[in-house]
Amino acid sequence: MTLIGPATSPTVAITRALKRAGLEQGKEKDFQVKGRYRDGERKFTYIKIRSARAESMIVERADDIERWADESGYPFKVSIRYMGRSPLIDITNGPGERVREVPPATEEPTVEEAAAPVQAAEEPAATADLTEAPSCPPGLYVIPLPSTRYRDWFGVECARCTPGVRTSLTGEWDDRGDAVLAARSHYELEHRSADEALTPAELEELERWPLSAAQLRVMWWAKYGDLQEFEDGVWALDVSPDCPDVNKRVARPRISGLWAAGLVGVYGLSCGGRQFVITDTGRRLLRLYFLAERQGHDLEAARDARLPVLEGRERGYPFLVEGRYFVGEQRPETAQVPEPEPVVEEPAPAAEEPAAAELAVQVAPEPEPVVSCAEDYLQEQQAKALGWSTRHAEVVRWAAAGELRMDGPDDLRRVTIPGRAGRRVALALLRPLAAAGFITLGELDEEGRHRVEVTGDGRRALEVWDRKSPTPAVISRKQEGRADLLPLLDGEEHRRRAAEFEADLKRRAAEREAWYAAHDLRRAAEEREERLRAVWAEVEGVLNPFSRRPAGWTPTPEQVAEFYIRPELVAELEEEAARLAAETAAEAAVEPGETSTAPAAAEAVQEAPEAAAPAAEVERTWDGKPGITAGPGVVEPGIHVTCLPEHRPGPRVRHCDSGVIVSVGPKCVRWRPYGSDRDVRTPLDHMRVNPVAHLNLDSDVRAMVAALQAGRPLPAYPEWTRWTLTAHLEHAAARAAARRAARLARLTPAAVEVAARHALTARPAAVQLPRLALPTPAPAVIPATVRPARVIVIPCGAAKLPHAAAAGELYIGSFHRACARAADALARPGTTVLVLSALYGLVTLDRVLDPYDLRMGQPGSVTGDQLRAQARELGMDRATEVVVLAGSAYTAAARQVWPTATAPLEGAGGMGYQLQRLKALREGRYALAA
């Protein structure tokens, strides 16, 4: 025996009840189960009747269907209305009243009428296929059409459009129920008004209720359950048939007048809102206005009329947005309950208006201020454009309450009780909020912490968020820190960015105009050169189109007369020749002065060999490629390089020996050959800069022409074009070291201290997270006689601040910060923490350093002798215990000073394993070797 379990949903409950009544489910059968959705959520369930058999059976067993659905735990309402002789059935568990109309009475046929079927049987068989549908309005017929292989087809004929003739309606239907619905629709549009003509009493009743079109529309929404009230007002939901989720706000005076007149009623919802329904009086007025419009009566008022008020409703409708509730209505938990006021119970009104028996109303003392339509629309647009997640809103709310503090560069805490440490908050949440202009960092408080403050845009955004309650962004915690939040619409940051954008547009327009002006000049010069070259080629008989015209060429008078050269072209050629002759004479006049100063220049080169290269670089700029300036020591992406002759690729290699640098490493260079889509790695010693690619053609061709005309040898490429890339890097490192030494030599100790203090305390204009400009203690001076108990050495990092800062704050890379946190956890009284820099060597945390780009082991990095000398100067060369928290290269450099130093990261394979071991050291789960 099969046991049927309880119904798990309203769909299962009503389906079982209808099948128990003998109906079949399906599109081609008796009924279908449908649902009404809003915002992706199913609000209620209803039944679509598909056959006349189902209509008759539901009318007979309506009470049984309701009882069976109620026993399953999901009650449904079965409403039955009649349109003529046809029943209109509504089965739903949604809003609305249960209606049971009595079927219209049918008169008994007379003797002549009873004999009519006998006479009809004598009619020709041609009309036997025209059958009147049992559920069709009078005068409309559903007829069968020729069937196809898989379907039966039906049509509809009307005997009322043309008296005495049955007219076929447009359309064919594969379901008899759909044909019946089409017949009903035709009857409602064309013939209903003629069957139900308004009586004088009904017209007089309509004149007593002068409703406007807007009031009638609100009543229609209430009739179909689309009118609801929430804390932000009364809304008509899904009012557009073409676009889903289009809601419209209803004016409060309009809904209050309809409720006070008893045309609409209201009941509470479990979600905290209210549902408006149409009353019997309102339903009757809607029907009368509908018939009046069909019959040509224009009774609608131009504006909302003042309707009569029922007894007990003189105080108006209690709107939720005003904080008013019905007596006995359940309030939300967040609502403030006003002081109890004495309520006078009034007697119930007359029985003709049941809606007037609602409870009295309690009014809050101070309603919220009215917001203009423009301000309300602006707030809606601002709320939509925020893009906050729930955690973003919480962080702004905490900042507005003054609960967020910055204890350190990476330590953000929410402090609710003064004097407590507070709870840690993810620092990544501040970055998008600060970039969008919602929060900023304030000054130090009395506890020495930086307060996170909310800007004016942040307060406005928080107010809009609370008032409009937009849908939060559904993103992961990683994405919350990387989210690109937009500034507040029409806020300070938004206007600032708009002004910057306008200024950038103007700048780009000016640059574009300048470029076009220069382009026009170049185009004019090229056209002029083409004209002059055509003259030269015609006179000299040159046929090669790629040959260049010699500078300073002019035709003779005989050639001018022979080739009919125009006078303006001859004038241009003579002007150019005169200008070149003047330049040559000026160069010849300068030559004696150059020879007299040559010994002094040679002595200057011998005294300062490094200063000679920049002078040569200024004299000759090898920048043939736009945006790239080649020179001694310049090795960067974009530089064109070529292989040395002895290291050129062999015949089996499928790429050429020249290309463009992609990246530069400590030992190799990654470059992309011309015409290839793959990169190649080559040692630095095997390549050099390609001088042909970086040749300034205009200036050098002019110099070569001048040298040929003066009889001097042609200028050669500079010496640095023959250097290998390794020699370039060594040259750049030596120049950088010389510049640093010269700059430090010009500063006094007092100036160095002032510059360091300024670099530490100066704050940038914009908020930079996570590294903050926190005060740094003064440098500690360690006496030479004091021997520290423990020395912890941590490495430098590639990621640095763009400005000078203390060594403890300069490096912002994740590995360096992990090493620094582990060193803080291992530190004890008498411990000194040093940073091992590839450029500066061993430095204390408070020493001010300039940013640099150098790794340990590259040319120019610190050596072992330098490290030992620095350890002696700091008095730490004889430390009893040394711990090195660094990789293999930095550990090897540190052991040149302390051979017995402990290296906890030895044996850890990659970066991930090293970070795990650093975390274990910080949490005390990994012990140092004795």
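This is a short chat about a predicted model of one protein chain.

Me: What should I know before I start?
Reply: This is a predicted model, so local features need pLDDT of at least 70 and side-chain atom pairs count only at pLDDT 80 or more, while totals for chains, interfaces and linings use all residues. Residues are numbered from 1 along each chain as its sequence is written, and side-chain values use heavy atoms, with hydrogens and water left out.

Me: How many helices and strands does the chain have?
Reply: The chain has 28 helices and 30 strands. Both are DSSP runs, numbered from the N terminus: helices are H or I with at least four residues, strands are E with at least two.

Me: And what share of the residues is buried?
Reply: 36% of the 930 residues. Buried means under 20% relative accessible area, exposed over 50%, and partly exposed in between, with a 1.4 Å probe and protein chains only.

Me: Is Thr8 buried or exposed?
Reply: Thr8 is exposed, with a relative accessible area of 64%. Thr8 lies in the segment before α1 (10-20).

Me: How far is Thr8 from Ser72?
Reply: Their C-alpha atoms are 8.8 Å apart, though 64 residues separate them along the chain.

Me: New topic. How many aromatic pairs are there?
Reply: Ten. One of them is Tyr317 with Phe319, an edge-to-face pair at 4.8 Å centre to centre, with 70° between the planes. Rings of Phe, Tyr and Trp (its six-membered ring) pair if their centres lie within 6.5 Å; planes under 30 degrees apart are stacked, over 60 edge-to-face, and the rest tilted.

Me: Are Tyr317 and Phe319 buried or exposed?
Reply: Both are buried. They also belong to one aromatic cluster with Trp259, Phe276 and Phe326.

Me: Where does Trp259 sit?
Reply: In helix α9 (residues 252-260), where Trp259 is one of the buried residues. After α9 comes Gly262, with a positive phi near 80°.

Me: Which ring has Arg166 over it?
Reply: The ring of Tyr141: the charged end of Arg166 is 3.8 Å from its centre. A charge sits over a ring if NZ of Lys or CZ of Arg is within 6 Å of the ring centre and within 35 degrees of the ring normal.

Me: Now sheets. What is the order of the sheet with β5 in it?
Reply: β5-β6-β7, an open sheet of three strands with antiparallel pairing. β5 (140-145) and β7 (165-168) are the edge strands, each pairing on one side only. Two strands pair if DSSP finds at least two bridges between them.

Me: How many bridges join β5 and β6?
Reply: Six, with β6 covering residues 153-162. Ile143 has Gly155 in β6 as its bridge partner.

Me: Which helix lies across β5 and β6?
Reply: Helix α5 (residues 176-190), at about 20° to β6. Axes are lines fitted to C-alpha atoms, for helices over the stretch in contact (heavy atoms within 4.5 Å), and angles run from 0 to 180 degrees between N-to-C directions.

Me: What about the sheet of five strands?
Reply: That open sheet runs β17-β16-β15-β19-β18, with antiparallel pairing. β17 (423-424) and β18 (439-444) each have a single partner strand, so one side of each is left without a neighbour in the sheet.

Me: Which residue stands opposite Met406?
Reply: Leu412 in β16. Four bridges join β15 (residues 404-408) to β16 (residues 411-414).
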